[in-house]
Amino acid sequence: MANSRRRIAAFALILITACAPTATPPTAAPIATATRAATATLRAILAPTPANSLRALASNRNLLIGAAVMPEYIRREPIYAQTLAREFSALTAENHFKFGPLRPTQTTFKFDEADYLVEFAQSNGMRIRGHTLVWHNSLPDWLTKGNFSRDALSKILNEHIATVAGRYRGRIYAWDVVNEAIAEDGSLRDTIWRRGLGNDYLDQVFRWTQEADPNAKLIYNDFGGEGLGRKSDAIFNLVKGMKERGIPIDGVGLQMHIRVDEAPAKLQELDANIKRLSALNLDVHITELDVRVTLPATDASLAKQAQVYSQIAQTCIANANCKMFVMWGFTDKHSWIPQFFPGFGAGLVFDDAYQPKAAYIALRDALAGK
Ligand code: XIL
């Protein structure tokens, strides 16, 4: 044990030395990026992975457990990188695989942050969820204000998928090929992509993604379709139709941004929904779970939240096709909730100081079968 630690430490030194900038770097940027990546990676590798970490317990159940992440925190906060690598077997880029960040102009792609996350994940034995290829948000102005013809839009998206999914071919466990294509009333959302490619655009883009990365699981991802109802029926019918037409779709992502007090009613429905999707031979991923509470959080609301985390995990574990359990972040210090849902927050399993909350313990116990 001590020996292998020494070996890892020696390897760390070699890697840091190998990646350190030399006096005459060929180009400054790539080497600086490599150094940062190596250093963060090592911090993570050197952290212990206890047998009762979330990832160890989930792995016993054949379940991947993940979190959405931001590269700047991996670089800036050692405890962020350590906690991530210790507790999770998968990650999703919170923003850096989206169209806007990846494609600042029509003719240029910017991959450094996405590459950094892929490297971090691989160095730490983590799977990657690619999020997302086709979405109506996070699009650059050059695209939305470009007045492109239908043909041009189709070409841009085809090229985007081929380039992005192609670059990471073989390294992405699952792609959220399409995000949020169904509106609240169950109709197909009116988006730039639908207008450009036509009503059958999902069929098209799933085929393109399969060509670019034949081994990735191809997922349809959405919010508000976790339980039963108009929207989840529409999602069910959409993916059922795709399966019937032989479109390469492997699963459905349930985002699950929920409020602590709306959760209990939906648990039975969540189970029923996972079961009907499983019956189509589709995998189900919980992709963006957070359980927000009214701020300031109280002991009571956090205890309730812990219960909700536990129940959702148990529901996932009870269904063999529920293969991934991913939260939209892991520390309350860095969560999208306070900004996007004013008055709410504290939705994740570690607090602002990276201390495990009651929700963490409850999730861990659920994974351990306690
Ligand atoms: C959010 C990010 O968390 C924010 O940082 C960003 O400003 C906007 O997007 N559903 C999704 C995610 O599929 O991509 C969104 O992420 C949250 C809702």
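What pLDDT does the protein chain average, and what share of the residues score at least 70? This is a predicted model, and the chain averages a pLDDT of 90, with 87% of its residues scoring at least 70. One stretch to read with care is residues 1-32, where the pLDDT is below 50. Beyond near neighbours in sequence, that stretch has 17 contacts in the model.

Now the overall picture. The protein chain has 370 residues, and 44% of them are buried. Its secondary structure comes to 16 helices and 10 strands. If we take the contacts between residues at least 6 apart in sequence, 77% of them join residues at least 24 apart.

Here is one pair on the screen that are separated in sequence. Q82 and T49 are 33 residues apart along the chain, and their C-alpha atoms are separated by 9.6 Å. Q82 belongs to helix α5, which covers residues 78-87.

Two packed helices are described by the angle between their axes and the distance between the axes. For helix α9, residues 150-167, and helix α11, residues 201-212, the axes come within 8 Å and cross at roughly 35°. The crossing of α9 past α11 is right-handed. Which residues make the contact? From α9 we have L157, N158, I161, A162, A165 and G166. From α11 we have V205, W208, T209 and A212. Sorted by class, the residues of this contact are seven nonpolar, three polar and no charged.

Then the ligand. The residues around it are E94, N95, N179, F223, Q255, E288 and W336. What classes make up this shell? It has two nonpolar, three polar and two charged residues. You can find the two charged ones in the list as E94 and E288.

Last, the backbone. Most residues other than glycine have a negative phi, and most peptide bonds are trans. This model has some exceptions to look at.

Two concern peptide bonds. H131 and T132 are joined by a cis peptide bond, with omega about 10°. T132 is in strand β3, residues 127-134. The bond from L295 to P296 is also cis, and its omega is near -5°. P296 lies in the loop between β8, residues 283-294, and α14, residues 299-317.

N281 is not a glycine, yet its phi is positive, at about 70°. Where is N281? It sits in the loop between α13, residues 263-279, and β8. N281 counts as exposed because it has 10 C-beta neighbours inside 10 Å, and the limit for exposed is 12 or fewer.

Y354 is the other case, with a positive phi near 65° in a residue other than glycine. Y354 is in the loop between β10, residues 344-345, and α16, residues 358-368. Y354 has 15 C-beta neighbours inside 10 Å, so it counts as partly exposed.

How values were computed
Residues numbered from 1 in each chain as written. Predicted model: local features only at pLDDT ≥ 70, side-chain atom pairs only at ≥ 80, totals over all residues. Near = placed C-beta within 6 Å. Helix = DSSP H or I, 4+ residues; strand = E, 2+ residues; numbered from the N terminus. Buried ≥ 20, exposed ≤ 12 C-beta atoms within 10 Å, placed from the backbone. pLDDT = per-residue confidence, 0-100. Contact = placed C-beta atoms within 7 Å. Axes fitted to C-alpha atoms, helices over the stretch in contact; angles between N-to-C directions. Left-handed = near helix turned anticlockwise from the far one by under 90°.
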